[in-house]
Amino acid sequence: MVEEATVYCGSCGEALPASARFCRSCGAPQEDFATQQTVETPPAPIASPPTPTPVPPPPQPPAPSPAPWSQPAVPAVSSGAGQAFAAWLAIAGGIGMCFMVLYEIVYVPLHHDLPVFFDQALQFGDLLAFGCGALAIVLGALALRRTPANGQTSGAVLMAAGLLPVVLVGVWAFPEALGIEFIFSRPFYFGFVYFCELGQAHIGSGYVDGHVQVPLLVSSLAVSFAGCIMAFTRGPGATGPAWQ
């Protein structure tokens, strides 16, 4: 025997068979209620969460194109300060060279009641040392006034002006060791300044025994060093490397 479905009265809540048309307790009609109870209401569909919209990646910057290779410019050793230092150094060295020559060929003879130049002709070595010193003073003064257009040329001239007396200082420091018989026959490059006793230093012993004229040597080296600085530095307003 099939059991009949049971419904409940919508007015009083009494349990009734599904076929009952009226409630046995309160008499309320049950047709509409029974129909409503037997019809299953389909569940409302559950809304699915919205699909997140993918965020586009940020735009990538364009790759930089490689710059064309070029040879890096070599910076200059110094600037206008180096030129000024070289100019003053050249002037100081030139003054030292000229002073030593005048001291030996003018002051020393007069101090000993002798004629100027020791009553002899002006020697080539003295003339060379004095001329190189005067040239260093002139080039240094021109460099301070920024007159020379080519500092490399002035620097090369200064280096030569300082090296020539340096060579003669070395030669006449060891006349016997080098076989120079300056007592009997003086070579054309003889000069009294290389035997000046002012600032003379004794070096060596025995066969290699000599006397170096230190002030003249230092002054000449200062002129050569000033030439090196001037040749390898740029003056104000220069745009390229100093040796180009």
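Here are some questions and answers about this predicted model.

Q: In what order do the elements of the protein run from the N terminus on?
A: Let's start with the overall inventory: the secondary structure comes to 5 helices and 4 strands. Read from the N terminus on, these elements follow the order β-β-α-α-α-α-β-β-α.

Q: What share of the residues of the protein count as buried?
A: A residue is called buried when its relative accessible area is under 20%. Applied to the 244 residues of the protein, that cut-off gives a buried share of 32%.

Q: Among contacts between residues at least 6 apart in sequence, what percentage join residues at least 24 apart?
A: Contact here means heavy atoms within 4.5 Å. Taking the contacts in the protein between residues at least 6 apart, the part that joins residues at least 24 apart is 59%.

Q: Are α2 and α5 roughly parallel or roughly antiparallel?
A: Helix α2 covers residues 80-111 and helix α5 covers residues 214-231, and their axes lie 8 Å apart. The two pack at an angle of about 155 degrees. Angles over 145 degrees count as roughly antiparallel, so the relation of α2 to α5 is roughly antiparallel.

Q: How many nonpolar, polar and charged residues does the contact of α2 with α5 have?
A: On the α2 side, the contact residues include Phe85, Leu89, Met97 and Met100, along with glycines such as Gly93 and Gly94. From α5 come, among them, Pro215, Leu216, Val223, Phe225 and Ile229. By class, the contact has 15 nonpolar, 7 polar and no charged residues.

Q: Is the crossing of α2 and α3 left-handed or right-handed?
A: The axes of α2 and helix α3 (residues 124-144) come within 7 Å and cross at roughly 155 degrees. That angle makes α2 roughly antiparallel to α3. As for its hand, the crossing of α2 and α3 is left-handed.

Q: Which side chain makes a polar contact with the side chain of threonine 233?
A: Threonine 233 lies in the segment after α5, and at 4% relative accessibility it counts as buried. Its side chain reaches the backbone oxygen of isoleucine 229 at 2.7 Å. The side-chain partner, at 2.6 Å, is glutamine 83.

Q: Is aspartate 119 buried or exposed?
A: Aspartate 119 lies in the loop between α2 and α3. Its phi is near 60 degrees, a positive value in a residue other than glycine. Exposed means over 50% relative accessible area, so at 61% aspartate 119 counts as exposed.

Key:
Residues are numbered from 1 along each chain as its sequence is written. This is a predicted model: local features need pLDDT of at least 70, side-chain atom pairs count only at pLDDT 80 or more; totals for chains, interfaces and linings use all residues. Side-chain values use heavy atoms; hydrogens and water are left out. Axes are lines fitted to C-alpha atoms, for helices over the stretch in contact, and angles run from 0 to 180 degrees between N-to-C directions. Angles under 35 degrees count as roughly parallel, over 145 as roughly antiparallel, 65 to 115 as roughly perpendicular and the rest as oblique. Ala, Val, Leu, Ile, Met, Phe, Trp, Tyr, Cys and Pro count as nonpolar, Asp, Glu, Lys and Arg as charged, and the others, Gly among them, as polar. Buried means under 20% relative accessible area, exposed over 50%, partly exposed in between (1.4 Å probe, protein chains only). A polar contact is a pair of N or O atoms within 3.5 Å; within protein, one must be able to donate a hydrogen and the other to accept it, and residues adjacent in sequence count only if both atoms are side-chain atoms. A crossing is left-handed if the near helix is turned anticlockwise from the far one by less than a right angle, and right-handed if clockwise.
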